[in-house]
Amino acid sequence: MNSPLPLYHKVYLLLRQRLLDGVYATEQALPGENAMAQEYGVSRLTIRRALDTLAQDGLVSRRQGRGTFAQVPAQLAAPQQGASVDALMAHLARMGTHTQVKLLELAVEPAPPGIAARLEIEPGTPVHRSIRVRSYKGEPFSYLQTYVPDGIGHRISKKALASKPLLQIFGDLGVRVSGAEQSMTAVLADPATAECLGVPVASALLNIRRLVRDAAGQPVEYLDARYRPDRFEYRLDMTAHETPGAPVWRPAGPAQT
């Protein structure tokens, strides 16, 4: 973890990120100190200090002899920018032409609370989770974690995921996509993401989250994408539109990368 922050604080930030992302349900036990120390490559003392700080924030409760339990407050959904499907398709077509993708994992698992909320299903409902790494000229730049409801996911093959963008796969399956909600922020690289992207743990990454809906308005995909900022740029061309009182900015065309 190469950064000027103390080790315990970097672990604290990574765990806080997981808690606020809804990886753990309220009252769910976190992994033990030994397991987390091994995952982050730090000592148990470092993990203990990070957990104590989370407890001070009210994000976990520490119970003697029982472990550490998530106490995540209800989070207001961050404002999301609607995106046209045409723009998304054009963007993904360019990405597929000029980059390479490697499928690392495909599994069916119970939806964690945060993912269930986004897909508008009950926690524990089966979802299909895939992890892919996209590269340009052999250099990895994005770590893509995608969740798809079981009704669609069981129809998607490993071969398709390793060769086509998911929206193209939806088209092949006859799933008509009508819209998407997208947000961008910054996150820290957890150990798994850091290893795949070749960056130190706790490095700053660009995070793009996208919820895709079908023609009936039902969620069909939730994407959590992490990008190396030194190898990826997201650009959106804008035009000014006159409105009563003041002009506003609106997208002029597909996003650029």
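A polar contact is a pair of N or O atoms within 3.5 Å; within protein, one atom must be able to donate a hydrogen and the other to accept it, and residues adjacent in sequence count only if both atoms are side-chain atoms. The model is predicted, with local features requiring pLDDT of at least 70 and side-chain atom pairs pLDDT 80 or more, while totals for chains, interfaces and linings use all residues. Residues are numbered from 1 along each chain as its sequence is written, and side-chain values use heavy atoms, without hydrogens and water.

The chain contains nine helices and eleven strands (DSSP runs numbered from the N terminus: H or I of at least four residues for helices, E of at least two for strands). Of its 257 residues, 44% are buried, that is, under 20% relative accessible area with a 1.4 Å probe, protein chains only.

Strand 9 spans residues 219-227 and includes Arg226. Arg226 is buried, at a relative accessible area of 8%. Its side chain forms a polar contact of 2.9 Å with that of Asp224.

The second largest pocket is lined by 26 residues, with Arg18, Val23, Gln145, Tyr147 and Asp190 nearest its centre. Elements giving two or more residues to this lining include helix 1 (7-20), strand 6 (139-149) and strand 9. A pocket is an open set of points on a 1 Å grid over the protein atoms alone, with protein on both sides within 12 Å along at least five of seven lines; lining residues have an atom within 4 Å of a point. Domain 1 (7-70) and domain 2 (85-239) each supply at least three lining residues, the bounds coming from an automatic or database domain assignment.

Note on methods: Buried < 20%, exposed > 50% of the residue type's maximum accessible area, 1.4 Å probe, protein only. 1 Å grid on protein atoms, 1.4 Å probe; cavity = no way out; pocket = protein on both sides within 12 Å on 5 of 7 lines; lining within 4 Å.
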